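Here is a short briefing to read alongside the structure.

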Amino acid sequence: MNEWFTEVLRTIPAVQQPPPPAPQSVPEIPTGKPPVDKICKYVAEEFRATADNDSERAELWLENTIRVLDELSCTLEECLKCVVSLLKDSVYQWWNTIISIVPRENVTWEYFQTEFKKKYISQRFLDQK
């Protein structure tokens, strides 16, 4: 029986080990950081309120900022973070007041646009347009 077993082992091809896995490229993990540093390169401007709260200036700022964010293909969450980074002085304080009283899940890019227009772009200006 021992001879038979030895003969069988010689006739059975050796079991081959599977080849080692090929090295895989590691996908880039998003950092979750919005492209705030890039928006200035695309000529996005900071927004400060003026004494006369010029509706046309506010509307042009918002339109230009939306165009820049579209160019960067920002997500809605990134749009909100980027635009808030452009708010300065009393405008930033206004936004902080708004978000302190609104439930977090309601604070969206669309919500920002709506509130910004209500505050800085007068209805009279929109009606005249």
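Is lysine 88 buried, partly exposed or exposed? With a relative accessible area of 21%, lysine 88 is partly exposed. Please keep in mind that this is a predicted model. A search of the whole structure finds five salt bridges, while the count of disulfides comes to zero.

**Nonpolar core**

- The largest nonpolar core has 29 residues, and Trp61, Trp95, Phe112 and Phe116 touch the most other members.
- At least two residues of this core come from each of α3 (55–71), α4 (76–86), α5 (89–101) and α6 (109–120).
- Helix α4 gives the largest share, with six residues.
- Leaving aside residues up to four places away in sequence, phenylalanine 116 touches Phe47, Ala58, Trp61, Leu62, Trp94 and Ile121.

**Cysteines**

- The closest cysteine sulfur to that of cysteine 74 belongs to cysteine 82, and because the distance is 4.7 Å, the two are too far apart for a bond.
- Cysteine 82 is likewise in no disulfide, its nearest cysteine sulfur being that of cysteine 74.
- Cysteine 74 counts as buried at 13% relative accessibility, and cysteine 82 counts as buried at 1%.

- Glutamate 46 pairs with lysine 88 in a salt bridge, with the closest N and O atoms 3.7 Å apart.
- Glutamate 46 sits in the loop between α2 (36–41) and α3, and lysine 88 in the loop between α4 and α5, so this pair ties together parts that are 42 residues apart in sequence.
- A network of salt bridges links Glu46, Arg48, Lys88 and Asp89.

**Salt bridges within helices**

- In helix α4, lysine 81 and glutamate 77 are four residues apart, so about one helical turn separates them.
- Their closest N and O atoms are 3.5 Å apart, forming a salt bridge.
- Lysine 81 is partly exposed, with a relative accessible area of 40%, whereas glutamate 77 counts as exposed at 54% relative accessibility.
- In helix α6, glutamate 115 and lysine 118 lie three residues apart, about one turn of the helix, and their side chains meet in a salt bridge at 2.9 Å, N to O.
- Glutamate 115 counts as buried at 13% relative accessibility, whereas lysine 118 is exposed, with a relative accessible area of 59%.

Key: Residues are numbered from 1 along each chain as its sequence is written. This is a predicted model: local features need pLDDT of at least 70, side-chain atom pairs count only at pLDDT 80 or more; totals for chains, interfaces and linings use all residues. Side-chain values use heavy atoms; hydrogens and water are left out. A nonpolar core is a set of buried Ala, Val, Leu, Ile, Met, Phe, Trp, Tyr and Cys residues joined through side-chain atoms within 4.5 Å. Buried means under 20% relative accessible area, exposed over 50%, partly exposed in between (1.4 Å probe, protein chains only). Contact means heavy atoms within 4.5 Å. A disulfide is a pair of cysteine sulfur atoms within 2.5 Å. A salt bridge is a side-chain nitrogen of Lys or Arg within 4 Å of a carboxyl oxygen of Asp or Glu.
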